[in-house]
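Here is a short walk through one structure, taken part by part. Please keep the sequence and the 3D view open while reading.

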Amino acid sequence: MIKIVTDSTCDLPADWFRKYDITVVPINIQFGSKTYAEGVTIDQSTFYKMIKETGIFPTTSQPSVGEFTQVYRRLAKDADSILSIHVTGKLSGTCQSAEMAKREVA
């Protein structure tokens, strides 16, 4: 069985995550000193509302190696393989975090 992992920058229809059993690792969104996990502790409507109300444009950071490691270990219990799909490493550090976690879990 193959398990699929992506991050929250993935722009797929919401029902695909359930339909194809895709696991999403959230990126981190920082509004000032507060950090939110995209799709977990902040949704799209709250995100845009906060920008409108505060005038602050947030920054983002990739999920940690530990977050990917946790997900990979959990999925590896029931999977023969894990396919982890992310934006290119030239645009984001997310791919690097995923690759480091892969080596840790391998």
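What covers the buried residues of H3? The model is a predicted one, and in it the cover includes strand E1 (2-7), strand E2 (22-25), strand E6 (81-84) and helix H4 (94-105). The residues of H3 that are buried are Val-65, Phe-68, Thr-69, Val-71, Tyr-72 and Leu-75. Because they cover an arc of only 165° around the axis, they are on the same side of H3.

The length of helix H3 can be checked too. H3 consists of the twelve residues 65-76, and at 1.5 Å a residue it should span 16 Å. Its end C-alpha atoms are 16 Å apart, which agrees.

Helix H4, part of that cover, contains Thr-94. With a relative accessible area of 3%, Thr-94 counts as buried because the cut-off is under 20%. Neighbours within four places in sequence aside, Thr-94 is in contact with Asp-7, Ile-27, Gln-62, Pro-63, Phe-68 and His-86. One of these, Phe-68, is also among the buried residues of H3.

Elsewhere, there is a sheet to follow. Strands of a sheet pair through backbone hydrogen bonds, either parallel or antiparallel. Here three strands form an open sheet in the order E4-E3-E5, with antiparallel pairing. Strand E4 (34-37) and strand E5 (59-61) are at the edges and have a single partner strand each, so one side of each is left without a neighbour in the sheet. On average, neighbouring strands of this sheet are turned by 30° against each other, direction ignored.

Strand E3 (residues 28-31) pairs with E4 over four bridges, in the antiparallel sense. Gln-30 stands opposite Thr-35 in E4.

Conventions:
Residues are numbered from 1 along each chain as its sequence is written. This is a predicted model: local features need pLDDT of at least 70, side-chain atom pairs count only at pLDDT 80 or more; totals for chains, interfaces and linings use all residues. Side-chain values use heavy atoms; hydrogens and water are left out. Helices (H or I, at least four residues) and strands (E, at least two) are DSSP runs, numbered from the N terminus. The expected span of a helix is 1.5 Å times one less than its number of residues. Buried means under 20% relative accessible area, exposed over 50%, partly exposed in between (1.4 Å probe, protein chains only). The arc is that of the directions from the helix axis to the C-beta atoms. Contact means heavy atoms within 4.5 Å. Two strands pair if DSSP finds at least two bridges between them. Axes are lines fitted to C-alpha atoms, for helices over the stretch in contact, and angles run from 0 to 180 degrees between N-to-C directions.
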